[in-house]
Amino acid sequence: MGLTDYLVIALIIFIALLVLIPIALFVYLYIKDDRQKQHAILRNFPVLGKARYITEKIGPELRQYLFHNDNEGKPFSRKEYQDIVKAGKYNERLIGFGSTRDFNAEGFYIRNTLFPKLRDEMKVDNIEKIKTRVYKSDGENLFTRKEHSEERLIDPYFLRDEDAVIMGERTCRQPFKVKGLIGQSAMSFGALGENAITALSKGLGLAGGTWMNTGEGGLSQHHLAGKPDIIMQIGPDLFGVRKPNGDFSWEEFKKKSEMEEIKAFELKLAQGAKTRGGHVEGEKVTEEIAKIRLVEPGKTINSPNRFYEFDDVPSMFDFIEKLRDVGGKPVGIKIVIGDLDALENMVSYIKESGKGPDFITIDGGEGGTGATFQELADSVGLPIQSALPVVDEMLKKYDVRERVKLIASGKLITPDKIAIALAMGADLVNVARGFMISVGCIMAQVCHTNNCPAGVATTNKKLQDGLSIEEKYFRVCNYVVSQREGLYNLAAAAGIDSPTKFERKHIVHKDELGRISPLEDILHAAKRTQLQKEG
Amino acid sequence: MNVLVFGAHGSVGEHVLKKLNQKNYKTMAIGSKENQLEDLKKDGATDAAVYDEQQNDSLLQNYEAVIFLTDINTKSDTDKTVLVDHRAVINAVENAEKQGVKRFILMSAVRANESSDGTKRNIGAKEIPDELLQKADVTYTVIRPSKLVDKPGQGTILLDAMINNDSAEIAREDVAAVLIEALENEATFNKTFDVSSGNVSIQQALSSL
């Protein structure tokens with residue numbers, strides 16, 4: 001046999017394999033599908049039925065990238081996502097042609113005045129510039145986008161000293177004064193990886209006039225990396241301030257309160273997305289996390305859904321008084337509004353006792369979380385736009401509004417939404433997912449699996465390698481500064497010289513039929529509901 | 001030395017005030033509106049006042065030097081600035097002469113001399129004060145920065161009689177440093193020059209004029 005013959009035989013074998021292998025594979029899958037008992041579709045339509053499971057699997061990605069229109073995605077649409085990313089990358093919020101908001105839908109609008117304030121007339125403090133980096137586009141075509149980042153001195157858009165918000169002004173030895181209205185909501189180290197927390201810390205530290213809430217997972221070195229102002233959250237499991245047996249450790253608390261970066265403490269009674277205790281798998285409780293939280297490494301943690309330290313308003317207030325007394329710094333509580341009677345009970349007790357928290361963080365039911373149950377996330381707790389005005393009104397009714405600052409949160413990721421919350425009564429606003437997106441989150445919605453593809457909500461070393469702290473922290477800074485600038489734009493349009501002066505009268509609600517109504521209508525409705533309940 | 005800064009509320013002005021303050025100069029900042037005064041003082045001005053053509057005289061009395069910043073601020077309406085601009089400079093120069101203020105530093109713009117072509121309205125008439133200054137009885141320096149950008153200052157510049165490069169730019173912080181360095185640097189006396197970012201230290205560049 002010559003060389004040609006060998007080649008011919010090789011070719012025949014090759015072609016045979018090319019045909020036989022797929023056939024064999026098909027037969028194998030056919031039999032496998034036919035014999036399994038889990039899926040009816042596969043039993044009736046072996047192999048072909050797989051198309052359903054494949055498309056179902058890649059459906060969310062397809063919808064997000066190809067089929068959802070810009071305003072459709074949940075919890076954040078592509079447009080909202082891009083608004084955040086652009087603010088972070090370019091420190092810009094300009095759009096062209098016009099809004100894509102659905103103006104037929106119901107929603108809140110900001111009432112502009114006939115003669116807005118001039119830029120020159122705004123009460124803003126732009127004395128100390130911020131040295132950051134922004135991206136500049138060099139050109140864009142179908143397959144490439146050329147950009148480079150360059151250093152830039154930007155205006156910080158701080159509040160003037162006289163407009164700065166002060167927590168615990170009359171109650172604390174060391175009140176917390178903040179010159180910006182937007183801070184980072186509670187996100188624990190462990191829920192987010194060290195790279196994400198470090199980037200956030202450095203970005204917020206660079207921006208100034210903002211704060212970082214540690215989440216209930218305790219204070220880590222990563223939180224301190226950029227020396228931002230920190231609000232340390234204390235959850236029912238007392239991470240970071242507990243004794244080995246689980247009791248509250250006044251000694252640890254005192255140590256924490258003596259740290260310069262920590263400006264205030266927040267007791268977490270509930271979170272918008274979950275009115276349950278946290279859960280951390282044993283395998284995620286590494287040596288480092290155990291050390292920060294003051295728990296045993298390798299052991300699964302199931303937090304209780306209420307503090308053991310107190311079970312009613314008076315005992316909670318006593319606990320708060322003691323915390324403030326020992327720490328000398330403001331103490332607040334984080335709550336979700338549901339039952340207005342319980343709220344009224346607490347607010348009236350503030351009046352009666354002269355005690356109580358220095359600030360109340362109201363988390364809207366639409367708030368985010370790393371992990372919760374569907375039933376709690378979807379239907380427990382009021383959304384922020386209903387909860388906030390009610391609390392504000394309640395505090396005013398009992399004449400204690402001055403002593404309590406309100407921090408609002410719940411999808412307040414752009415200046416307009418923040419301004420509406422301020423008009424509804426918020427003194428300050430917390431943002432969580434906006435900051436996650438500015439450090440690289442792509443909304444893959446797998447925070448609970450430790451498999452975050454962007455390396456944000458994961459402690460997996462390999463995935464975190466993708467997140468460059470040095471690149472991302474500027475985006476965090478730009479995002480928050482850009483939001484502050486936007487607030488000044490809106491304040492000017494509303495005819496006020498500082499965003500701290502937003503009031504109820506500056507917003508209006510429009511329903512599907514174009515009828516407009518003032519915010520007071522929500523309050524009347526809330527009162528009516530409460531009366532009917534008492535009935 | 002006591003320095004009076006015109007156009008202090010502009011984007012270069014705030015850097016000028018900060019740097020003058022750091023070098024312990026006594027300063028009077030002239031803004032255009034009442035509510036800028038607080039900002040000007042926060043920026044480091046010893047004193048601040050609103051621009052008033054009638055009172056320029058008396059304002060200049062106690063000062064030995066003037067830094068005049070033409071308000072080529074991107075935030076203002078360009079047409080308007082041009083018109084106000086050269087009249088104000090002329091007025092300031094005349095008053096400076098009258099009061100015996102010896103030092104006058106003007107921040108103009110690169111290619112200000114091209115405006116006579118007539119097409120570029122936004123630089124229009126900027127050369128008039130430059131010429132006027134050269135004739136006046138003051139020790140002048142006209143500094144013409146290229147495109148101003150918000151980058152952090154690097155402390156190094158390129159200095160030339162004429163910079164004809166469209167992509168030339170300079171950080172506002174650097175321009176401020178050049179203006180202040182020129183105050184007492186004799187090499188810059190009675191000279192007009194363009195400046196953009198480069199790689200010679202500011203002091204060295206000015207001294208080698």
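The legends below describe close-up views of a predicted model.

**View 1. A tilted aromatic pair within one helix of chain A.** The rings of A:Phe26 and A:Tyr30 lie 6.1 Å apart, centre to centre, and their planes make an angle of 40°, which makes the pair tilted. Both residues belong to helix 1 (residues 3-35) of chain A; they are 4 residues apart, so about one helical turn separates them. A:Phe26 is partly exposed, with a relative accessible area of 45%. A:Tyr30 is also partly exposed, at 38%. Over all chains, 17 aromatic pairs are counted.

**View 2. An edge-to-face pair between two helices of chain A.** A:Trp250 and A:Phe319 have ring centres 5.8 Å apart and planes at 65°, an edge-to-face arrangement. This pair links distant parts of the chain, as its members are 69 residues apart. A:Trp250 is in helix 7 (residues 250-257) of chain A, and A:Phe319 is in helix 9 (residues 313-327) of chain A. A:Phe319 counts as buried because its relative accessibility is 9%, under the 20% limit.

**View 3. A cluster of aromatic rings in chain A.** Ring pairs join A:Trp250 and A:Phe319 to A:Phe248, A:Phe253, A:Phe265, A:Phe307 and A:Phe310 in a cluster.

**View 4. Charged side chains over tyrosine rings in chain A.** The charged end of A:Lys89 sits over the ring of A:Tyr135, at 5.1 Å from the ring centre. A:Arg101 lies over the face of A:Tyr109, and here the distance to the ring centre is 3.9 Å.

**View 5. A right-handed β-α-β unit in chain B.** The unit consists of strand 2, helix 2 (residues 37-43) and strand 3 of chain B. Strand 2 (residues 26-31) and strand 3 (residues 47-50) of chain B pair in the parallel sense over 4 bridges. B:Gly31 has B:Val50, in strand 3 of chain B, as its bridge partner. In a regular strand, side chains alternate between the two faces of the sheet.

**View 6. The contact between chain A and chain B.** How many residues does each chain bring to the contact? Chain A brings 15 residues and chain B brings 16 residues. The size of an interface is often given as the accessible area lost when the parts come together. Chain A and chain B bury about 1,400 Å² between them, with 48% of it on carbon and sulfur atoms. Of the area that chain A buries against chain B, 43% comes from A:Asp120, A:Ile127 and A:Leu153, more than from any other three residues.

Note on methods:
Residues numbered from 1 in each chain as written. Chains lettered and ligands numbered in written order. Predicted model: local features only at pLDDT ≥ 70, side-chain atom pairs only at ≥ 80, totals over all residues. Heavy atoms only, no water. Phe/Tyr/Trp six-rings, centres within 6.5 Å; stacked < 30°, edge-to-face > 60°. Buried < 20%, exposed > 50% of the residue type's maximum accessible area, 1.4 Å probe, protein only. Lys NZ or Arg CZ within 6 Å of the ring centre and 35° of its normal. Pairing = 2+ DSSP bridges. Right-handed = clockwise from strand over helix to strand, strands pointing away. Contact = heavy atoms within 4.5 Å. Buried area = accessible area lost by both parts, 1.4 Å probe.
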